[in-house]
Amino acid sequence: IHPKWGNTINSTDRDSKPKLRVVYLSERQSSTSESSGIPYAPPATPNEAHKHTHSFKYVPSLHDIKSQRQLKTRLQEMMTKAKDRSLEESQAAKEEERKRKEEVAKLKAQQRAEIYALNKIMTEYEEQKFQASLSVKV
């Protein structure tokens, strides 16, 4: 096992799923060792034979600027997506509230029109009854 690679995590079903191997990227890729003067190097890229038997999860080191920038960019993208999602949800909620208010207003207008129509019919009916009662008395 490579010193920068973590332990191999075995899957429960060895035949169907490849093993997951965690690869920790080098903390220092451009500096040199203080004791030996030998430059640090990133771990070797897994070869084609390992791709069929293992799946790799790369864990970036946050000691180099490139990884820090990638992480910051990824976090900004996630924040932007979350903000857009919440904005869409709030717009959808506002639209739903507006539609609900319109439906309530239509229902009230319809009920008011029905009440006025019924009131007019009842007034006419009462007038007919009154006229009929007057003609019976005379």
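Me: How are helices and strands assigned, and how many does the protein chain have?

Reply: Helices (H or I, at least four residues) and strands (E, at least two) are DSSP runs, numbered from the N terminus. In this predicted model, local features need pLDDT of at least 70 and side-chain atom pairs count only at pLDDT 80 or more, while totals for chains, interfaces and linings use all residues. Residues are numbered from 1 along each chain as its sequence is written, and side-chain values use heavy atoms, with hydrogens and water left out. The protein chain has two helices and three strands. Their order from the N terminus is β-β-α-β-α.

Me: What share of the 138 residues is buried?

Reply: Buried means under 20% relative accessible area, exposed over 50%, and partly exposed in between (1.4 Å probe, protein chains only). Here 10% of the 138 residues in the protein chain are buried.

Me: What share of the contacts joins residues 24 or more positions apart?

Reply: A contact means heavy atoms within 4.5 Å. Take the contacts with a separation of 6 or more: residues 24 or more positions apart account for 46% of them.

Me: Which residues make the nonpolar surface patch?

Reply: Patches are made of residues with over 30% relative accessible area and no salt bridge; like charges are joined within 9 Å, nonpolar side chains (Val, Leu, Ile, Met, Phe, Trp, Tyr) within 5 Å. Accessible areas come from the Shrake-Rupley method with a 1.4 Å probe; for residues, only the protein chains shown count as cover. L62, L71, L75 and M78 make a nonpolar patch of about 360 Å². L71 lies in helix α2 (residues 65-137). L71 has a relative accessible area of 37%, so it is partly exposed.

Me: How many salt bridges does a search of the whole structure find?

Reply: A salt bridge is a side-chain nitrogen of Lys or Arg within 4 Å of a carboxyl oxygen of Asp or Glu. The search finds three. One pairs E95 with R98, with the closest N and O atoms 2.2 Å apart. E95 and R98 are three residues apart in helix α2, so about one helical turn separates them. R98 also bridges to E102, at 2.4 Å between the closest N and O atoms. R98 and E102 are four residues apart in helix α2, about one turn. Shared partners join E95, R98 and E102 into one network.
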